Amino acid sequence: MSNIFLHERNPFDILVRNFLQTANTYAPLADSKLPHPVDIYETETHLVFDIACTGVSQEELEVQTQNNTLRVNYNKPENKEDDAKYIHRGIAKRSFNLGWKIDSKFDLSKADAEFKYGLLKIAIPYAKGSELKTLKIK
């Protein structure tokens, strides 16, 4: 049986491709690039960014703050492509330039960054006077 390559658009197309295809290969559902993996959340005291930096050293990262903007940059070094024959490339090893406007309720000048196990964690504390206050109703 010959291989038939379909552009997967829905689950039925995937089912037909898997039924007719004799080679046991993996094909992603879409060829589009995914956005860089970042978690952003608030704690009681900080705004926290967890940024995935797999395969990147701490020295290669650049974190900048200016006015109310946070920027995280990584420029992939120009290396000769490896000769490996990949079946699937799921680990993003590309440059990124991320940026966010930070609300004035956070004090960006007191931000702290930590790099551990391929995860860049940036914590930005609340600014003085912007803490949550509970008012007593009269």
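These legends describe close-up views of one predicted protein model. Local features need pLDDT of at least 70, side-chain atom pairs count only at pLDDT 80 or more, and totals for chains, interfaces and linings use all residues. Residues are numbered from 1 along each chain as its sequence is written, and side-chain values use heavy atoms, with hydrogens and water left out.

**View 1. The protein has one helix and seven strands.** Along the sequence, the pattern reads α-β-β-β-β-β-β-β. Helices (H or I, at least four residues) and strands (E, at least two) are DSSP runs, numbered from the N terminus. Of the 138 residues, 22% are buried. Buried means under 20% relative accessible area, exposed means over 50%, and partly exposed lies in between (1.4 Å probe, protein chains only).

**View 2. Three strands form an open sheet in the order β3-β4-β5.** Their pairing is antiparallel. Two strands pair if DSSP finds at least two bridges between them. At the edges stand β3 (61–66) and β5 (96–101). Each has a single partner strand, so one side of each lacks a neighbour in the sheet. Neighbouring strands are turned by 10° against each other on average, direction ignored. These angles use axes that are lines fitted to C-alpha atoms, for helices over the stretch in contact, and run from 0 to 180 degrees between N-to-C directions.

**View 3. Six bridges join β3 and β4 (residues 69–74).** The two strands run in the antiparallel sense. Gln 66 has Thr 69 of β4 as its bridge partner.

**View 4. A salt bridge links Asp 50 and Lys 121.** A salt bridge is a side-chain nitrogen of Lys or Arg within 4 Å of a carboxyl oxygen of Asp or Glu. Here the closest N and O atoms are 3.1 Å apart. Asp 50 lies in β2 (residues 46–52) and Lys 121 in β7 (residues 119–125), so the pair ties together parts 71 residues apart in sequence. Asp 50 is buried, at 10% relative accessible area. Lys 121 is partly exposed, at 29%.

**View 5. Asp 107 sits in the loop between β5 and β6 (112–116).** Asp 107 counts as buried, at 19% relative accessibility. Lys 110 forms a salt bridge with Asp 107, with the closest N and O atoms 3.9 Å apart. Lys 110 is exposed, at 52%. The side chains of Asp 107 and Ser 109 make a polar contact (2.6 Å). A polar contact is a pair of N or O atoms within 3.5 Å; within protein, one must be able to donate a hydrogen and the other to accept it, and residues adjacent in sequence count only if both atoms are side-chain atoms.
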